[in-house]
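Here are some comments for a colleague who will work from these coordinates. Please read them with the structure open.

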Amino acid sequence: MAKSDKKITPFAFDLEASDIATEKNRARDLRGSQWWKRRCAKGVCHWCAQPFPARELTMDHIVPLARGGKTTKSNVVPACKTCNTKKKQLLPMEWEAYVQSLRSHEKGEGDE
Ligand SMILES: [Zn+2]
């Protein structure tokens with residue numbers, strides 16, 4: 001009764017290119033929303049907590065689309081170009097270590 005043609009996927013997320021395209025379209029819509037504009041209007045990068053002009057903030061997926069993340073309000077954050085680029089270059093583990101280092105640095109500063 002074994003199904004010899006059973007598809008075995010080597011990765012946890014077996015994403016169709018069309019799924020990613022759908023999420024990218026959602027991201028484009030969300031980027032045009034008032035909700036997103038308000039988030040960017042705060043002018044703060046989610047990751048490094050540094051101030052930036054709204055136009056310099058980009059939409060970043062906390063869980064990247066390529067890893068099965070979705071375009072939802074809870075999974076997208078404004079990120080500066082530096083953080084966005086870093087996130088793409090680093091491995092997920094390296095990125096988490098980088099975020100941790102940002103967080104610990106942030107704690108020393110006053111909260112306004
Ligand atoms: Zn940043």
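1. The model is predicted, and its protein chain comprises four helices and two strands, which follow one another along the sequence in the pattern α-α-β-β-α-α.

2. Of the 112 residues of the protein chain, 12% count as buried.

3. The largest nonpolar core consists of seven residues, namely Cys-45, Trp-47, Phe-52, Leu-57, Ala-79, Cys-80 and Cys-83. One of them, Cys-45, touches Gln-50, Phe-52, Leu-57, Pro-78, Ala-79, Cys-80 and Cys-83 when residues up to four places away in sequence are not counted.

4. Ala-49, which lies in the loop between α2 (34-41) and β1 (58-61), deserves a look at its backbone, for its phi is positive, at about 60°, although the residue is not a glycine. Ala-49 counts as partly exposed because 14 other C-beta atoms lie within 10 Å, whereas a buried residue would need 20 or more and an exposed one 12 or fewer.

5. Ala-54 is likewise placed in the loop between α2 and β1, and with 14 C-beta neighbours inside 10 Å it is therefore classed as partly exposed. Leaving aside neighbours within four places in sequence, Ala-54 is in contact with Cys-40, Ala-41 and Gly-43, while its C-alpha atom is separated by 9.3 Å from that of Arg-38, 16 residues apart along the chain.

Methods. Residues are numbered from 1 along each chain as its sequence is written. This is a predicted model: local features need pLDDT of at least 70, side-chain atom pairs count only at pLDDT 80 or more; totals for chains, interfaces and linings use all residues. A nonpolar core is a set of buried Ala, Val, Leu, Ile, Met, Phe, Trp, Tyr and Cys residues joined through C-beta atoms within 7 Å. Two residues are in contact if their C-beta atoms, placed from the backbone, lie within 7 Å.
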